[in-house]
Amino acid sequence: MKRRFAQSRLGLLTGALTVGTVACFAALAQDAPTTPDGTPTYIVKDGQVDKGTYNGYRRFHATCHTCHGFDASGSSFAPSLADSLKRLSYDEFKEVVVNGRQNQGATGDKVMPSFGLDPNIMDHLDDIYRYLKARADGALPGGRPQRIGG
């Protein structure tokens, strides 16, 4: 009798985990919009952004803004990513972030370090792209965005 009860509870728990897992992935899909080809994209509604784009803002300002300037507008150290993402594809963006880049500029070498081994960047690369793409497309003005529903 105890064995059947334990198996029954295990079955209920497994079913609950399955339902919970599906609900979790559904929630993540809503928080992480993509284009039909799988490219990360953003949602901006009434000046507010989706969770992923907001996270991208936070992650950009934790690391990238030091060189690329507040609101991704560029600095004397690095270019405006709000301009660069008007030309770069998602795959080109990933390539530069993962492997870095070295350009010979008018004022000397400009070096983009590799962030391919940095989990603070790589684990959130899609969200950083979402934020930068929203800035590049003019859908998101400078400053701290507000989250939709938050």
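These legends describe close-up views of a predicted model.

The model is predicted, with local features needing pLDDT of at least 70 and side-chain atom pairs counting only at pLDDT 80 or more, while totals for chains, interfaces and linings use all residues. Residues are numbered from 1 along each chain as its sequence is written, and side-chain values use heavy atoms, without hydrogens and water.

**View 1. Overall fold.** The protein has 6 helices and 5 strands (DSSP runs, H or I of at least four residues and E of at least two, numbered from the N terminus). Along the sequence the pattern is α-β-β-α-α-α-β-β-α-α-β.

**View 2. Crossing of H4 and H6.** The axes of helix H4 (residues 90-99) and helix H6 (residues 125-136) come within 11 Å and cross at roughly 120 degrees (axes are lines fitted to C-alpha atoms over the stretch in contact, with angles from 0 to 180 degrees between N-to-C directions). Contact (heavy atoms within 4.5 Å) involves Tyr90, Phe93, Lys94 and Val97 of H4 and Leu125, Asp126, Ile128, Tyr129 and Leu132 of H6.

**View 3. Largest nonpolar core.** This core (buried Ala, Val, Leu, Ile, Met, Phe, Trp, Tyr and Cys joined through side-chain atoms within 4.5 Å; buried is under 20% relative accessible area, 1.4 Å probe, protein chains only) has 24 residues. Among those touching the most other members are Phe93, Val97 and Leu132. Helices H2 (51-68), H4 and H6 each give two or more residues, and H6 gives the most, with 7.

**View 4. Surroundings of Val97.** Leaving out residues up to four places away in sequence, Val97 touches Met112, Pro113, Ser114, Phe115, Gly116, Ile121 and Leu125.

Terms used: Buried means under 20% relative accessible area, exposed over 50%, partly exposed in between (1.4 Å probe, protein chains only).
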